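Welcome, and thanks for taking a look at this one with us. Please have the sequence and the 3D view open side by side as you read.

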Amino acid sequence: MKKRTKNNHIKALIFFTFLGLSVVLTSCHGDGVDRDPLVDTVVADFPGNDAVSVDRKGNVYVSEFGRFVGVSGNGTRVFKVSKNGDVTEFITGLTGPLGNAIDEQGNFYVVNGSGNGTGDVLKITADGTRTVLATIDGFPSGLTLDYYNNVYVSNFGTPTVHKITQDGTVTVYASDPRLAGGVGIDFDYKGNLVVGNFGTADILSIDPKGNVSLIASIPEAVVSGFGIGYITVSGNSVFATGIGVNKIFRVTLDGNVEEFAGTGTPAVVDGPVAEASFNGPNGITIDKYTKAIYISEFGGVGALRKISLR
C-alpha cells in the first residue's frame, strides 16, 4: 500500500509539473505562443495569391485567383505545397478560384467562377472526380467546413452566409447587412462562425442560431476599398490579413485588436514578426498541429509566407 501511494505521489508530481509547463508555454490568449514568432518565405515568386488551407499531413493548398479580368479572376489553378516546399499544380482548369478547404477524407472544396452574379462551390474527391456541389447567387468568396463537412460560404456581393450539405441542399445560414463584403470565414472553439469583411475590416460573429454580432472593427485597415483578405481562428484569437496595409492583425474573441506582424512596407522580408514585411497579404490559415500560420500574398510577384508560433 505504501509503495502504491508513493507511486501515485510521483505520478501526481509529474502531472502537475507538465501542467505548469503548459501554462507557461501558453499565452494569455490560449494560443500557445511562447516566444517572438518568426516569418519565413516558403515559396517565392509564387502565383498562388488567394485562399489557403492545410491538410493534416501539413500540405498547403493555395488558390490562384489571379487578377481581375472583367468580372472574375484570370487564375486557373490551385497549388499544393508540400512540407518541403515542393510546388505542384493540384487542380487546373478553374476560373478565378477563391476560398478552399480540405476534409479528413481528402475531398477538396473550392469556390469557383464568381463574378457574373453567381459562383459555384466545387467538390473534388481524392480520385479527382469533380462535381458542382452548389451554385450560389452573388459573389461567393470564402468557405469553411464543420465537423460533418457541411460547407459554409461567405459572400462578397450579398449580405448572407450560406450552408451547403453534402447532398447539395443550400440554405441561408445568416443574413445581415454587415455580412455584405464578407470573405474570410472560420469557426471558433464555441461553434460560432467568424467572418471578416473585406470592405469594412469588421470581424463579425454568427452564433448557431444565425444571430450576427460585431467582435471588432480593425481601425485604419481599409485602403482604397481593400480591408481584410481572409481570416483564420486559433484558440481565442482571430488572425486577419490586412491586404491594404500589408499587416497581419490579431483580434481576440472579446474584441481586442493588435498589429501582430508586418511593418506595413509592401515587401517580402523575413525575420521576427515586428521586423518582417508582407506585400498584400491575402489568404491565411493555421496548421493546428504545428502552430504555423501560412499566408499568401496578392502584391508583387507573390509569395507563400509562414509564421512559426512556436
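## A hairpin to start with

Lysine 80 stands opposite threonine 88, a residue of S7. Keep in mind as you browse that this is a predicted model. The two strands around that pair are S6 (residues 78-81) and S7 (residues 87-91), which are antiparallel and share 4 bridges.

Together S6 and S7 make a hairpin, with 5 residues between the strands. In its turn sits glycine 85, whose phi is positive at about 90°.

## A four-stranded sheet

Next comes an open sheet of 4 strands, ordered S12-S13-S14-S15 and paired antiparallel. Strand S12 (140-145) and strand S15 (170-175) are its edges, each pairing on one side only. From one strand to the next, the twist averages 25°.

S12 is joined to strand S13 (residues 151-155) by 4 bridges, and the two run antiparallel. Within this pairing, leucine 145 has valine 151 of S13 as its bridge partner.

## The largest nonpolar core

Valine 151 turns up again here. The largest nonpolar core holds 35 residues, and those touching the most other members are Leu143, Val151, Ile164, Phe260, Ile293 and Ile307. Strands S12 and S13 are among the elements that give two or more residues to this core, as are strand S9 (108-112), strand S23 (257-261), S25 and strand S26 (292-297). The top contributor is S11, with 3 residues; this strand spans 130-137. As a general point, nonpolar side chains in soluble globular proteins tend to be buried together.

What volume does the second largest pocket have? The value is about 300 Å³. Around the second largest pocket are 14 lining residues, and Asp50, Phe65, Phe68, Leu98 and Phe198 lie nearest its centre. The lining of the second largest pocket divides into 11 nonpolar, 2 polar and 1 charged.

Notes
Residues are numbered from 1 along each chain as its sequence is written. This is a predicted model: local features need pLDDT of at least 70, side-chain atom pairs count only at pLDDT 80 or more; totals for chains, interfaces and linings use all residues. Side-chain values use heavy atoms; hydrogens and water are left out. Two strands pair if DSSP finds at least two bridges between them. Axes are lines fitted to C-alpha atoms, for helices over the stretch in contact, and angles run from 0 to 180 degrees between N-to-C directions. On a 1 Å grid over the protein atoms alone, a cavity is a set of points where a 1.4 Å probe fits but cannot get out, and a pocket is an open set with protein on both sides within 12 Å along at least five of seven lines; lining residues have an atom within 4 Å of a point. Grid points are joined across faces, edges and corners, and a volume is the space filled by probe spheres set on the points. Ala, Val, Leu, Ile, Met, Phe, Trp, Tyr, Cys and Pro count as nonpolar, Asp, Glu, Lys and Arg as charged, and the others, Gly among them, as polar. A nonpolar core is a set of buried Ala, Val, Leu, Ile, Met, Phe, Trp, Tyr and Cys residues joined through side-chain atoms within 4.5 Å. Buried means under 20% relative accessible area, exposed over 50%, partly exposed in between (1.4 Å probe, protein chains only).
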